[in-house]
Amino acid sequence: MQVSLEGSFVVVKGPKGELRCVLENGIGASIEGGFLSFECRSDDKDTRSKFGLVRANVANMMIGVTSGFQKDLELSGVGYRVQLQGQDLH
């Protein structure tokens, strides 16, 4: 996986594709020693709330380009009859 900064974008490239996330005003990012870190440059309430959102979005982008989206299904209870045929549930 490759992470780079291009202007106001964080770009994440991996085996499953490439994703970009825009950095909002007041939020900075830097790559040092193989670590991506974010900083909140403003003490404004709106900027602080977007800081956590941007960090979480980039973390999810890193998972998305390496392993992709997965959804595990757990069936419990009575009254549901499910059989697995190949990769399809019937």
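View 1. C21 is buried, its relative accessible area being 10%; buried means under 20%, exposed over 50% and partly exposed in between, with a 1.4 Å probe and protein chains only. This is a predicted model, in which local features need pLDDT of at least 70 and side-chain atom pairs count only at pLDDT 80 or more, while totals for chains, interfaces and linings use all residues. Residues are numbered from 1 along each chain as its sequence is written, and side-chain values use heavy atoms, leaving out hydrogens and water.

**View 2. The cysteines C21 and C40.** A disulfide is a pair of cysteine sulfur atoms within 2.5 Å, and by this rule the count is 0. For C21, the nearest cysteine sulfur belongs to C40 and is 15 Å away. C40 is partly exposed, with a relative accessible area of 31%.

**View 3. Helix α1, residues 45–66.** Helices are DSSP runs (H or I, at least four residues), as are strands (E, at least two), numbered from the N terminus. After the helix comes G68, with a positive phi near 80°.

**View 4. The buried face of α1.** T47, V54, V58, M61 and V65 are buried in α1. Seen down the axis, the buried residues fall within an arc of 60°, so they line one face of the helix; the arc is that of the directions from the helix axis to the C-beta atoms. Among the elements covering these residues are β2 (9–14) and β3 (17–22), where contact means heavy atoms within 4.5 Å.
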